[in-house]
Amino acid sequence: MFSRGPAMTFRLPRPSTRWARGLTLAGFVGVFLADMVTPLGFAHGMLYMPWVAVAGLSRNSWWVVGATVAGVGLTAVGFFVSPSNLTGAALAYAIANRLVAALATATTGGLTLAILQYVHRVKETQRLLSEAYDTLRSQQTLLQIASEIGHLGGWLVRLDTHVAVWSEEVCRIHEVEPGFAPTVAQGIEFYAPEYRDRITAVFAACVKTGLPFDEELQIITARQRRLWVRSIGQPVRNEQGAIVAVQGAFQDITSQKLAEVSLERSEQRFRQLADAMPLIVWTADPNGTVDYASHALRVYTGIYDPDTPPSQIWMTLLHPDDVDLCLTVWTAAVQSASPYRVELRTRRYDGDYRWHLVQAVPIRDEAEQIVKWYGTAIEIHDQKQLEQEARQIADRLNTTLESITDCFFTLDRQWNFTFINRQAEQLLQRERVDLLGKYAWDEFPEASGSVFQQQYEKAVNEGQSVEFREFYAPLNVWLDVRAYPSHEGLAVYFQDVTDRIALEERLHQSQRLESIGQLTGGIAHDFNNLLTVILGNAELLGEMLEADPHLHPLAQMIGSAAQRGAELTQRLLSFARRQALDPKPVDVNQLMTATDGLLRRTLGEHIDINIVAEANLWPALVDPAQLENALLNLCLNARDAMVRGGQLTLETANTYLSQDYASQHVEVVSGHYVMVSVSDTGVGIDPKHLERVFEPFFTTKEQGKGTGLGLSMVYGFIKQSGGHIKIYSELGHGTTIRMYLPRFWGDVQPSLPAPEGVVAAHSELILLVEDNELVRRYAHDQLVDLGYRVLVATSGPAALAMLYQQDNIDLLFTDVVMPGGMSGRELADLAQQIRPGLRVLYTSGYSENAIVHQGRLDEGIQLLSKPYGRTELSRKIREALTAPCH
C-alpha cells in the first residue's frame, strides 16, 4: 500500500516575533541616532534595509509594511537632521544617496513581503498535502482493517514476467514471508492437486480471452494446511486494449465454508460472496452526499457502469420499507454531526434483499469542521437470522427452565439475582420480583458465610462446577445443589431432598436388616437339621425312661433345651423371612379373645390388660399360629418394660394406608389393612435405639434378660406376610407397636380342630428321601415305630429308581434341598408323572423358593417344618395321606 515519507517543508529561523520586532526598533533607533551625529555625506540610509529584512522575522506583513515606511521616512528625516555644510555636487550626491537608500529600503520591504507571502503559500500547501495524506491514510487503514477482518488480499501477475505480486494478506494466507513473489507455476503449485487443472484453465482463459474468473478452491499452505480460498481474477489491458496483466483478489473462506456445511441445503442458492471484500467502504462530503464507494459496492449490485455515481446506486439499493428510515437517520446525523448507524435491507444483484449494518463517522479538521464522512456497510443477514433463532431459543429455554422440576436461579458476577424460576420461588418462599437484581447475601443473610457461599465462590473462582448437599435451617430443608460457573456468573440448580434423605435412611436400615436376616436364615437351616435329631431322640428317651426317676429328668432337660433351640431358630427364620407361612383368613378379634386367658396367666397380675376391638373388623390374611406367636412376643416385651406394673392395651382397627404414606416408607403398598396395636406404659425406648430395635440380638434389656430376637421375629413375620410394622416410643412414657396385616377380601370359614396325640398308621408304604444321615435314620425309626412301612433313598435319582420298581408307594416324604442336582420339588414333579395321584409331604429346615413364593406355601403343598417331634410327624403324615390328590 502506501507509506508516509518525509514531507517537503521550508524550515526558516523561528525567532520570537516579539524579539524580531524589538530588534527592528532597536536597529532603527541606532541608525537614526548615527545619522543625526554624523555628517550628511555618510550613506546611513542604506543601513535601514537589513532592519526591514529583520522585520520579516516577525512573520507579520503589516509589521514589515510599517518597518518599510519607517525606514523610508527616517532616511528622508535624516537628510534634514544630519550636520551638513555640503554644496553643489556634494549636496546633489547626498540627495541622490538618500533617494537610492529610500528606494532600496522600499525594495527590501517589498521583497520581504513577497517572501512572507510565499512562505504562507508553502505552509498552506503543506497543510493541504498533510490533510490529503491523512485522508489517504484513513482510507488505507479502513481497507487494511477490512482486509484483515475478511482475510482478503490482492494479487497481480504481469504477463511479461509471469511473476506474481502478492499483498501481505495473501502471503499470510499462504503462510509465507511477506514480499514472497512466486512465478505463476509456483503459485499454482500451492493449490490442492484436484484443483490445479481448474485454476490453470481459468487463468489461461483470462489471459487469452480476458474472461474473468471467480473460483472457490483449496490450497495447501507452506505449513501443509488445507484452506478454502476464493480466487478472483480479471484482465488488465493497456491503452491498445491488449491484456498485459491479470489482477484479482484472494480470500481465506475456510471459516465460511465450515459454517456453510450446516446451512448448505437451505442457503446454498443464496450464499455467494458478492465481493472480494466482505464489506463496502464509502465516503461522503460534509453535506452528506456520497462521493465514493469501493468496488465491492459495484460487485454487490452488479452495476459496473463507471458513470453512475455511488449516491445514485445507493438509493436504488434500499428496500422500499427502509428508504424513509435511512434518509431520516442520515439527515439527522449530518445535521447534528453525530455518528451514523442504521440497520437496513439492500438489494443484491440477484434481487435478494439482505440486512446490512451501515455506519459512518464524521472526520473533522483543526477547526472542528466536518471535512469528510467515512462509512462502511457490513452484511449481517446471517447474524440477524441467528439473533432471531437465539430469541426463539431463549424463549424455549425460558419455558424449559420454568417447566423443569428442579429449582433454578442465576447470579451475575456481583452476586445479584438475574433469573429465578417458579419452582425456586415456591421453595425459597420469595417472589422473583422481590429478588431480581438484588444482592443474594443481603436477601438471604443466613446463607452468607455458609457452605452455600463457600461453594458458590469456589465454583466461580476455580471455573468448575460444584455439587453438594447442605441443610438450610431457615427453611428446615436439605438441599441438593449443583452450581455451574460461566463468564456471566453462576447457574444454580437445587432440589428439596429432605424426604429423600429420610427415605434413604429408612431404606438403608431396611437393607441392613435384610442382610442380617440372610445371614441368620442360613445359620438357622443347619441348626434345624441337628435339632430334629436331638428333639426327636430326646422325646423317645423321655418315653423310654419315664419310670426312671434319675434319668427321666435328664431326658426332659435335653428335650427342653432342644425345644428352646427350635424356638430360637424359628425366630431367626421368621426375621430372615425364610419360614413357610400358611396364611389363612383370620378373625383377629376372635384370636385375641382366645389368647386373653393365656396372656393374663403369662404376664402376671401387676399388668392390667385392656382389649379395644373394632366391632366390624375386617378379616386378615395371615398365618394364625405366627400371628399368635407375634402377639405373645410383643406382650412379653411390654411386660418387661413395666417392671412395677402398668397398663397393656391391645387394639384392633380397620385402616387404609395412602399412597403418600407408602411412598415415604420402605416396602409398603397402599391399600386396606387390619391394624393390631400393642401399647404399654413402660419405660419407653431411647430415640437413639429406635432404628435398631428390629435387628436380631439387639436388646435394651439387662444382660441375661432377653435374646433380642422377639421384635426381629415379629418384624420378619409381618414383612413376609405382606404387611407393615411401625414403632412409636417416648422415653419414660411407654411404647406402641402397630402391625398392619393385609385385609382378606372374603368371609372367614371356621377351621376344624386339629387331632390330639399321636395318630396311628395303617401300614401304608412311605418312600423317605433325606440326604442328612442323622435325620434320615431318625425319621425312618419314627415312621417304622408308628406302624408304617418305609423305603429309604438318599437322593432324588435314587428315589425315582425305587418309584419305577415299586408301584404300591402311598406317600413320598422328601426333603426340599438335596445334593445331586435335583430338589425335592423336582423329584415330586417327576414322581407324579410316573405315579399320577401320588401324595407328597415335604420337609425343610427353612423356606425354599421351590415350594414357597412370596413367603407363602404354594397351593396344595404339604410341609413339615424342621425340627419336628413324633407327634407332629404322625399328624402331618396322616394329614398328607388323607389330603385330596392334586
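# Briefing: salt bridges, strands and a surface patch

Arg-878 is buried, with a relative accessible area of 14%. The structure is a predicted model, and it holds 27 salt bridges.

**Arg-878 and helix H26**

- The side chain of Arg-878 meets that of Glu-764 in a salt bridge, with 3.2 Å from N to O.
- Arg-878 belongs to helix H26 (residues 870-882), while Glu-764 sits in the loop between strand E22 (734-742) and strand E23 (765-769), so this pair ties together parts that are 114 residues apart in sequence.
- Glu-764 also has a relative accessibility of 14%, and it counts as buried because the cut-off for that word is under 20%.
- Ser-874 is placed in helix H26 too.
- At 0% relative accessibility, Ser-874 counts as buried.
- The side chain of Ser-874 reaches the backbone oxygen of Thr-871, at a distance of 2.7 Å.

**Other salt bridges**

- Side chains of opposite charge can pair when their charged atoms come close.
- Arg-198 forms a salt bridge with Glu-215, and their closest N and O atoms are 2.8 Å apart.
- This pair links distant parts of the chain: Arg-198 is in helix H7 (residues 193-209) and Glu-215 is in strand E3 (residues 213-220), 17 residues apart.
- The two partners fall into separate classes of accessibility: Arg-198 is partly exposed at 43%, whereas Glu-215 is buried at 13%.
- Asp-640 forms a salt bridge with Arg-639, with 3.2 Å between the closest N and O atoms.
- Asp-640 has a relative accessible area of 30% and is partly exposed; Arg-639, at 24%, also counts as partly exposed.
- Both values lie between the cut-offs of 20% and 50%, which is why neither Asp-640 nor Arg-639 is called buried or exposed.

- Strands of a sheet pair through backbone hydrogen bonds, either parallel or antiparallel.
- Strand E1 (residues 152-158) and strand E2 are paired in the antiparallel sense, over 4 bridges.
- Together E1 and E2 form a hairpin, with 4 residues between them.
- In the turn of this hairpin, His-162 has a positive phi of about 55°.
- Trp-155 stands opposite Trp-166, which is in E2.

**The parallel sheet**

- An open sheet is built from 5 strands in the order E24-E23-E25-E26-E29, and the pairing is parallel.
- Strand E24 (789-793) and strand E29 (863-865) are the edge strands, each of them pairing on one side only.
- On average, neighbouring strands of this sheet are turned by 20° against each other, direction ignored.
- E23 and E24 run parallel and are joined by 5 bridges.

**A nonpolar patch on the surface**

- Val-29, Leu-33, Met-36, Val-37, Val-77, Phe-80 and Val-81 form a nonpolar patch on the surface, and together they have about 660 Å² of accessible area.
- Helix H1 (17-37) and helix H3 (61-81) are the elements that give two or more residues to this patch.
- Helix H1 gives the most to the patch, with 4 residues.
- Val-81 has its place in helix H3.
- With a relative accessible area of 36%, Val-81 is partly exposed; a patch takes in residues with over 30%, so Val-81 passes that cut-off.

**A loop residue: Glu-605**

- Where is Glu-605 found? Glu-605 lies in the loop between helix H19 (588-603) and strand E17 (607-612).
- Is Glu-605 buried or exposed? Glu-605 is exposed, because its relative accessible area of 85% is over the cut-off of 50%.
- The C-alpha atom of Glu-605 is separated by 8.5 Å from that of Gly-645, a residue 40 residues apart from it along the chain.

Notes. Residues numbered from 1 in each chain as written. Predicted model: local features only at pLDDT ≥ 70, side-chain atom pairs only at ≥ 80, totals over all residues. Heavy atoms only, no water. Patch = residues over 30% accessible without salt bridge, like charges linked within 9 Å, V, L, I, M, F, W, Y side chains within 5 Å. Areas by Shrake-Rupley, 256 points an atom, 1.4 Å probe, with all protein chains shown as cover. Salt bridge = Lys/Arg side-chain N within 4 Å of Asp/Glu carboxyl O. Buried < 20%, exposed > 50% of the residue type's maximum accessible area, 1.4 Å probe, protein only. Polar contact = N/O pair within 3.5 Å; in protein donor to acceptor, adjacent residues only side chain to side chain. Pairing = 2+ DSSP bridges. Axes fitted to C-alpha atoms, helices over the stretch in contact; angles between N-to-C directions.
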